Amino acid sequence: MSDKVRIYQLTKELGIDTKQMLALLDSIGVEYKSHSSTLDNETAETVRQLLHDDSSKRAAGGSTAVAEPAIQRPSDPLRPPVVTVMGHVDHGKTSLLDFIRKAKVAEGEAGGITQHIGAYQAQTPSGLITFLDTPGHEAFTTIRQRGATVTDIAVIVVAADDSIMPQTREAIAHAKAAKVPIIVAINKIDLPQANIDRVKRDLVKVELAPEDYGGDTIAVPISAKTGQGIDQLLELISLVAELEDLRAPQTGLASGTIIESVLDKRAGVLATVLVQRGTLKVGDSLVSGEVWGRVRAMSDFSGARLQEAGPSTPVQVLGFSEQPHAGDRVEALASDQVAKALVSKRIAARQEQVVQRDKRAVTLAELFGQPKRQRLNLVLRADTQGSLEAIKGVLARESEAGDEVEVNVLFDAVGAPTEADLLLASTADAIVMSFGVTAPGSVKKSAERYGIEMRSYRIIYDLIDDVKRLIRGQVEPVFAEQLLGRAEVRLVIKVPRSGNIAGSYVTEGLIRRGAKARVLRGGKEVYKGSIVQLRRFKDDVREVATGFECGINLQNYDHVQEGDLIECYDLVEVRA
Ligand code: GDP
């Protein structure tokens, strides 16, 4: 491959017209004479990325994580596996990570003291292994929720004296939903009350039958206290990694995922980046979500300074302007200018997305009405194990009878829906259904915020009926707008941090905090979203009635103008 590409060649490759290409080059400050001028490889790659960023229409949720990295090529070099350790509380996740860290990590420059940057690499006889060391599935799902998958293999820790517990089942559900291979580490086998066979029998019940129980799940007995079995666990991780044939390009501009970011009082923003493709170098410009930066310095988990880092390497990067979000993609770009251009483009795109997302809220119902749903993912909650079993039984029969639709219960448990259920539902595009239990208010609020469908039932057959309708596409809840009131914008007030507040006068009905709203300018809709804050003088209020003045803060909208008309409305479901 040659080092340079002519502008017209790239234009052709990307299928855009010359004018668009030249405008794009202008916008990122690239100098050229004509469309037959050449671009260096990095600039060309940046242009490709920018266009890709544009075309990858992301799902609602406002995440600025970029689409998954491109599929690996067989010619790419092998890379170390990235492992997450999950399991029930107190089953030994932290102990296992600590043991491996102490035993297998080369001493750092700082006298063997490794720093916690959210990930580390262990040297084993069969190769390097990268561990994400924020144990628990919180980290796993936060990252997944933002659209990225960084884990290649999930190690699920089960204590041999306790066997499978609720969070074990959650962890299994998460790993399965992410389609990540699972290795079970049966921990605490040093304890006299350890019962390995019981754990294995219980694994069969959750469809993870170990090899000696007729299945193909790898289950390794270990002790995070004595170290017994840990070498074998590491060997098996390497073996699974080999089967997975994990590869990534080692050259070119890097891309990866933010694992964690902290604000250090003295140093500034410190972000842990897991490099997934290419090589990250000191001096590279970076973009993650709506934040940009330049790598001023880089160190590994042992505190050693690095000049560059390749695939599967976790590094702590100094140089972001603000804190990037854990789970967001991060990309190296040709220059600061390009990075800044990309950030402003994304901010503009997000504002557009807010409007789109609102439209989507309405069409979500239509989505359920679509007949050819291939798979209906559910998170099930019920008051007793008995009702759960009953529901699952009927669902399984329905699923078999349904035409080409599979009902897939990702996770089921006794008790009210939790935040963890929402995380799972959001990463797997599932509906949370509960019978005989209702979610606490905080969970309901989160569900609303993340746009997750939650339904609760008092009668089993109502639940079943709904599922049937969802399967057969007969549910067509239609949302209709119900006007609550109107207000006129009389003054735009600039408030630091809160953005622009619309000082308004309510002319009709009432304005309610949390309700939907649109802004009309000259009869045309210029914004659609919701009211996040409502004020009378200095007080936050819930509602303001006709004839009163108020300050209205619209979600993600800063362009309100004097003379705009704000319409406030509710969406009500009307059954067809
Ligand atoms: P986590 O909540 O899953 O991270 O669990 P921890 O690693 O904090 O371990 C919980 C408790 O179990 C601690 O008191 C550990 O010392 C203990 N523990 C962890 N692994 C073992 C083990 O293999 N054997 C024994 N006897 N205790 C263990």
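In this predicted model, A382 has F435 of strand 19 as its bridge partner, strands being DSSP runs of E with at least two residues and helices DSSP runs of H or I with at least four residues, both numbered from the N terminus. Strand 17 (residues 375-382) and strand 19 (residues 431-435) pair in the parallel sense over 5 bridges, where pairing requires that DSSP finds at least two bridges between two strands. As a rule, strands of a sheet pair through backbone hydrogen bonds, in either a parallel or an antiparallel sense.

Residue numbers start from 1 along each chain as its sequence is written. Because the model is predicted, local features need pLDDT of at least 70 and side-chain atom pairs count only at pLDDT 80 or more, while totals for chains, interfaces and linings use all residues, and side-chain values use heavy atoms, with hydrogens and water left out.

**The mixed sheet and the nonpolar cores**

A further open sheet is formed by 6 strands in the order 4-5-3-6-7-8, with mixed pairing. Strand 4 and strand 8 are the edge strands, each pairing on one side only, and the twist averages 30° from one strand to the next. Strand 7 and strand 8 run parallel and are joined by 4 bridges, with I183 standing opposite I218 of strand 8. Helix 7 (residues 196-205) packs on the sheet and touches strand 6, strand 7 and strand 8, its direction making about 150° with that of strand 7.

The largest nonpolar core has 29 residues, and those with the most contacts inside it are L96, F131, V155, I183 and I237. Such a core is a set of buried Ala, Val, Leu, Ile, Met, Phe, Trp, Tyr and Cys residues joined through side-chain atoms within 4.5 Å, buried meaning under 20% relative accessible area, exposed over 50% and partly exposed in between, with a 1.4 Å probe and protein chains only. Among the elements that each supply at least two residues of this core are helix 4 (93-104), strand 6 (153-159) and strand 7 (182-187), while the largest share, 7 residues, comes from helix 8. Leaving aside neighbours within four places in sequence, L96 is in contact with V85, V155, V157, I222, A224, I230 and L233. A second, separate core of 21 residues includes V489, A515, V519 and L554.

**The ligand surroundings**

The ligand is surrounded by 15 residues, of which the closest are D90, K93, T94, S95 and D190; a residue is counted when one of its heavy atoms lies within 4 Å of the ligand. The table gives polar contacts, which are pairs of N or O atoms within 3.5 Å.

| Residue atom | Ligand atom | Distance |
|---|---|---|
| G92, backbone N or O | oxygen | 2.9 Å |
| D190, polar side-chain atom | nitrogen | 2.7 Å |
| A224, polar backbone atom | oxygen | 2.9 Å |

Strand 16 runs antiparallel to strand 9 (residues 255-264), to which 3 bridges join it, and G256 has V330 as its bridge partner. Strand 12 (residues 285-288) is likewise antiparallel to strand 16, with 4 bridges, and S285 stands opposite L333.

A326 is found in the loop between strand 15 (314-320) and strand 16 (329-333), and counts as partly exposed because its relative accessibility is 28%. A326 and T272 are 54 residues apart in sequence, with their C-alpha atoms 8.7 Å apart in space.

**The protein overall**

The secondary structure comes to 13 helices and 28 strands, and 49% of the 576 residues count as buried. Among contacts between residues at least 6 apart in sequence, 72% join residues at least 24 apart.

How values were computed: Contact means heavy atoms within 4.5 Å. A polar contact is a pair of N or O atoms within 3.5 Å; within protein, one must be able to donate a hydrogen and the other to accept it, and residues adjacent in sequence count only if both atoms are side-chain atoms. Axes are lines fitted to C-alpha atoms, for helices over the stretch in contact, and angles run from 0 to 180 degrees between N-to-C directions.
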